[in-house]
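Here are my notes on this entry, point by point. Please read them with the structure open.

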Amino acid sequence: MNKALGGILISGLILMFADPVRPSHQELDGALTMSGAWALYPMAVKWGEEFSKLHPRVKIEVQAGGAGKGIADALAGVVDLGMVSREIHPAEIEKGAFAVAVVKDGVVPTISAKNPLLNRILASGLDKEVFVAIWITETAKTWGDALKTSDKASLHVYTRSDACGAAETWAAFLDRRQEDLKGIGVYGDPGLAEAVRRDPLGIGFNNINYAYDAKSLKPLPGLVILPIDLDGSGRIEPAENFYQDRDAITAAIARGVYPSPPARDLYLVSRGRPQTPLQVEFLRWVLSEGQKFVAETGYIGLGAQKLAEELRRIEGK
Amino acid sequence: MLALSSVPALLVGLILIGLLVRARPILAEKPFFSLFFSSVWSPLKGNFGLFPFIMGTLWVTLVSLVLAVPVSLLTAIYLSEYAPRGVREFTKPIIDLLAGLPSVIYGVWGVLLIVPLVGQVIAPLFGATSSGYSVLAGGIVLAIMILPTIISVSLEVFSSIPYPMREASLSLGATKWETVHHVVLKKGLQGIIAAVVLGLSRAFGETMAVLMVVGNIPRPPKSVFDGGYPLPALIANNYGEMMSVPLYDAALMLAAAVLLLVVLFFNVLARLILIRVERRSA
């Protein structure tokens with residue numbers, strides 16, 4: 001009996017020393033904070049929930065406030081990870097911004113379902129040149145100017161007031177920057193969707209996840225996605241018409257039919273390469289298992305090669 | 001005690017100095033005139049004209065005062081001089097509650113109610129077209145936010161006026177309104193000015209509620225139906241871009257310093273008026 005017990009003890013000891021470095025069972029705990037882009041907010045919340053299920057002692061807090069806030073907070077060390085929905089500026093990288101691309105999404109132009117010219121707009125779409133005339137040069141002042149008809153209904157142009165990725169990306173599509181976009185500035189993604197929805201003569205833009213309803217996957221009631229006339233033919237051909245639901249537009253972005261910008265990568269940004277085990281593990285999980293929640297939340301995956309590349313960067317290779 | 005009571009004054013000075021030090025790079029590089037009187041705001045191209053924002057602040061504040069001061073003064077007079085005791089006791093806590101509501105609630109309410117009201121009802125009445133996101137919408141929301149402040153301070157002022165003075169006036173044959181006009185308002189004038197300045201200070205600095213309804217267009221407004229862009233909204237909207245654009249942080253600090261100076265200016269002005277009123281009545 002004694003011998004048997006001794007044997008178990010000894011073999012236990014041997015087992016213990018045989019594999020001394022296995023911290024994987026060590027439970028992660030602590031808090032992880034994120035702030036920034038509205039575009040990434042629903043995805044970050046979903047990831048936070050799922051990650052907390054795996055690691056019950058980890059608390060993840062997510063706050064939206066625009067890409068500018070994300071990068072400023074991350075660089076100031078106020079949050080662990082900033083959510084950024086535009087390209088990272090060189091000056092920000094110089095200040096130590098370490099950005100990891102995590103998913104893709106896109107920005108789409110929107111109008112109200114109450115627009116008096118709705119059918120004509122949906123049939124002809126608008127091309128990039130007209131968007132420039134609307135948002136940049138302000139030469140298109142009526143819907144007639146935009147559609148090249150004689151309609152006198154004036155055009156109410158909306159943009160975002162907060163420094164954000166959606167506006168920066170939409171401006172990039174027009175080869176400009178956010179500050180060049182004219183129009184009434186509305187705060188936040190939901191605010192812009194609401195303003196356009198209510199204004200029959202309004203035109204604006206939204207991240208896909210604020211233009212489409214998360215449950216029905218259709219555009220928000222009252223909001224219509226304005227089709228972009230990609231080939232400049234003055235007509236929306238079936239090949240250019242992929243706005244009917246969220247799956248259709250995300251598929252078009254994945255295929256590369258919808259141009260980029262306004263499709264774009266979304267980033268999680270830390271100050272310097274992430275160091276704490278929690279940050280590293282969260283990012284690693286996001287780029288691997290976390291990717292299976294991407295499609296259901298309304299985003300587009302990055303593709304295996306890009307994911308592997310980002311994983312290697314986190315590990316410093 | 002003296003040292004302690006000088007702390008607030010010292011703090012204001014320190015904040016102002018801090019802001020000006022941070023704003024120095026832009027003051028050193030750009031001519032003064034172009035900073036304050038140019039209407040071109042495009043930081044990436046190095047244009048930092050603060051004029052649209054200063055005008056935006058002044059327009060929104062002025063509109064809110066024009067709307068709020070008469071209403072709140074008449075309310076305070078009614079509650080203090082005419083209303084039955086029950087009405088007064090019932091109304092006071094509600095006014096205090098209004099004063100304590102977080103500003104973002106006023107903002108949401110403004111977006112849902114005031115913006116469509118201005119865009120679809122008020123602007124067409126005046127033959128103007130407006131989306132509703134305008135100086136007027138900002139002014140209305142702000143007016144409602146500063147109403148409770150002005151009302152409750154004025155109420156305090158009126159209640160501090162001794163009753164025998166009113167009785168003396170009434171016994172000389174003055175009507176109730178004449179008593180209000182010649183005794184209550186006259187005696188309470190300093191206090192009323194103080195109440196308005198308190199409201200004014202809140203109006204200048206209010207950020208969130210105004211930002212949500214005012215349209216944020218960096219262009220000096222030409223009418224109350226145009227969008228405007230007040231200084232606090234500029235700082236709140238853009239603080240995120242400070243990190244990446246040269247001189248941007250200096251420009252925003254300068255905007256903050258300007259805001260502080262404007263508030264200081266109006267406070268000092270109100271003080272001077274008060275002193276004159278005091279001298280005259282002495």
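Predicted model: local features only at pLDDT ≥ 70, side-chain atom pairs only at ≥ 80, totals over all residues.

1. A term first. A residue counts as buried if 20 or more other C-beta atoms lie within 10 Å of its own, as exposed if 12 or fewer do, and as partly exposed in between.

2. Start with helix 6 of chain A, residues 128-135. Its buried residues are A:Val130, A:Phe131, A:Ile134 and A:Trp135. Where do they lie around the helix axis? Seen down that axis, they fall within an arc of 120°, so they line one face of helix 6 of chain A. An α-helix has 3.6 residues a turn, so residues three or four places apart point the same way.

3. What do these buried residues of helix 6 of chain A pack against? Their partners are helix 7 (143-147), strand 5 and strand 7, again of chain A.

4. Strand 5 of chain A pairs with strand 7 (residues 202-207) of chain A in the parallel sense, over 2 bridges. In that pairing, A:His156 stands opposite A:Gly202.

5. Strand 5 of chain A also runs parallel to strand 6 (residues 184-186) of chain A, and 3 bridges join them. Here A:Tyr158 stands opposite A:Ile184.

6. Now chain B. Look at B:Glu81, in helix 4 (residues 51-82) of chain B. Is B:Glu81 buried, exposed or partly exposed? B:Glu81 has 14 other C-beta atoms within 10 Å, so this residue is partly exposed.

7. Which residues does B:Glu81 touch, leaving aside its neighbours within four places in sequence? B:Glu81 is in contact with B:Val180 and B:Val184. B:Thr179 is 98 residues from B:Glu81 in sequence, but their C-alpha atoms are 9.8 Å apart in space.

8. On the contact between the chains: 21 residues come from chain B and 24 from chain A. On the chain B side, helix 10 (208-213) and helix 11 (231-238) are the elements that give two or more residues. The residues of that side divide into 10 nonpolar, 10 polar and 1 charged.

9. Last, confidence. Chain B has a mean pLDDT of 86, and 96% of its residues reach 70 or more. For the complex, the predictor gives an ipTM of 0.72 and a pTM of 0.77.

Terms used:
Residues numbered from 1 in each chain as written. Chains lettered and ligands numbered in written order. Helix = DSSP H or I, 4+ residues; strand = E, 2+ residues; numbered from the N terminus. Contact = placed C-beta atoms within 7 Å. Pairing = 2+ DSSP bridges. Nonpolar A, V, L, I, M, F, W, Y, C, P; charged D, E, K, R; others polar. pLDDT = per-residue confidence, 0-100. Arc of directions from axis to C-beta.
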